[in-house]
Amino acid sequence: MFLRAGLSATRAWEELARDPELDDPTRELADEIHRALGRHIRHRDAVVDACSTRGEPARVFAALVQVADEAGAPLHSALWSLAEALRDRLAVEAEVRAIAAAPRQTAWLLMALPPLGLLVAWALGVEVGDFFMDTALGVVSLVLAVILYVTAWAWMRRLVSQLLPDAGYLSPAYDLLAVATAGGALPETALARVQRALEESDLDLSTLPAIERLTDVSRRVGVPISVLATTEASWQRHRARAEASDAAATLSVQILIPLGLLLLPAFVIVGVVPVVVSLLQDAIASGQTGLW
């Protein structure tokens with residue numbers, strides 16, 4: 001915004017460092033870059049050095065500044081495009097989290113069944129601790145219930161994790177490629193710049209083969225690579241939404257499998273078996289020390 005208004009990079013970073021509405025890490029980053037620019041360090045180098053040890057958003061920003069500098073693209077236009085891409089990315093991730101919320105809550109509710117069984121048995125007056133620790137049947141039951149419980153937990157965690165797309169589904173490589181070609185660079189030159197920026201910023205490289213195919217398509221059909229890159233980036237985010245929605249619909253059925261095979265048996269073992277054994281022991285003629 002400041003660059004688009006005509007402020008210099010030094011002044012823009014100074015204003016960001018003073019902005020009280022920004023969080024502390026962002027203001028610290030802005031102040032670090034501002035101080036580096038005050039020492040007459042090149043803007044690109046100042047940004048890359050300051051962002052190299054920070055989180056992924058900062059490293060994406062550094063890669064964008066690097067690519068825009070090499071391509072000769074206007075930095076304010078590149079940053080505006082990045083802001084739109086990041087807003088779209090945040091929207092996708094928020095939607096994925098919302099879709100995953102219901103299955104996660106269902107999984108946690110199901111995981112509460114075995115402990116609930118213990119509480120029910122204790123409320124009925126059964127000495128569940130004595131049963132599980134002092135009898136052979138209790139020890140075997142406890143071990144079996146723990147195995148079932150842990151297996152169900154791992155199974156349902158894996159099912160829920162499938163809601164999230166694969167790594168690199170929102171890679172900034174496509175957006176960087178659009179910036180790299182803004183200065184009129186050849187697709188191969190732009191691709192080399194993007195690859196170098198991703199490597200130096202330690203970002204995901206899994207989309208590079210797809211970008212290479214995109215450059216081949218651009219050269220073969222004569223469509224500007226910047227248009228293809230922007231369209232592909234938007235499509236990747238749309239696909240992430242669709243895949244998360246499909247996975248959530250499937251999960252609502254799949255999550256019943258560990259429920260029926262593992263959690264319900266674990267619930268019976270820790271909640272029903274001690275009660276049944278206690279009732280049988282009470283029914284035995286007095287003088288007998290125990291059924292097991």
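# Note on the helical chain

1. At 28% relative accessibility, Glu32 counts as partly exposed (buried is under 20% relative accessible area, exposed over 50%, partly exposed in between, with a 1.4 Å probe and protein chains only). Arg54 also counts as partly exposed, at 26% relative accessibility. The two residues form a salt bridge, their closest N and O atoms being 2.9 Å apart (a salt bridge is a side-chain nitrogen of Lys or Arg within 4 Å of a carboxyl oxygen of Asp or Glu). This pair links distant parts of the chain: Glu32 belongs to helix H2, Arg54 to the loop between H3 and helix H4 (56–71), and 22 residues separate them.

2. This is a predicted model, in which local features need pLDDT of at least 70 and side-chain atom pairs count only at pLDDT 80 or more, while totals for chains, interfaces and linings use all residues. Residues are numbered from 1 along each chain as its sequence is written, and side-chain values use heavy atoms, with hydrogens and water left out.

3. The chain has 14 helices and zero strands (DSSP runs numbered from the N terminus: helices are H or I with at least four residues, strands E with at least two). Of its 292 residues, 38% count as buried.

4. The salt-bridge rule gives a count of two. Besides Glu32 with Arg54, the side chains of Arg35 and Asp31 meet at 2.9 Å, N to O. Arg35 and Asp31 are four residues apart in helix H2 (residues 24–38), so about one helical turn separates them. Arg35 is partly exposed, with a relative accessible area of 43%; Asp31 is partly exposed too, at 31%. In general, side chains of opposite charge can pair when their charged atoms come close.

5. The loop between H2 and H3 contains His40. The phi angle of His40 is near 65 degrees, a positive value in a residue other than glycine. At 75% relative accessibility, His40 counts as exposed.

6. Helix H3 (residues 43–51) is mostly covered, with seven of its nine residues buried. The buried residues are His43, Arg44, Ala46, Val47, Val48, Ala50 and Cys51. His43 and Arg44 deserve a look in the viewer, as both are on this buried list.

7. Leu116, Leu119, Val120 and Leu124 make a nonpolar surface patch of about 380 Å². Patches take residues with over 30% relative accessible area and no salt bridge, joining like charges within 9 Å and nonpolar side chains (Val, Leu, Ile, Met, Phe, Trp, Tyr) within 5 Å; accessible areas come from the Shrake-Rupley method with a 1.4 Å probe, and for residues only the protein chains shown count as cover. Val120 lies in helix H6 (residues 113–123) and is partly exposed, with a relative accessible area of 39%.

8. H4 and helix H9 (residues 173–180) pack at an angle of about 20 degrees, with their axes 8 Å apart (axes are lines fitted to C-alpha atoms, for helices over the stretch in contact, and angles run from 0 to 180 degrees between N-to-C directions). That makes H4 roughly parallel to H9 (angles under 35 degrees are roughly parallel, over 145 roughly antiparallel, 65 to 115 roughly perpendicular, the rest oblique).

9. The axes of H9 and helix H10 (residues 187–200) come within 9 Å and cross at roughly 130 degrees. H9 is therefore oblique to H10.
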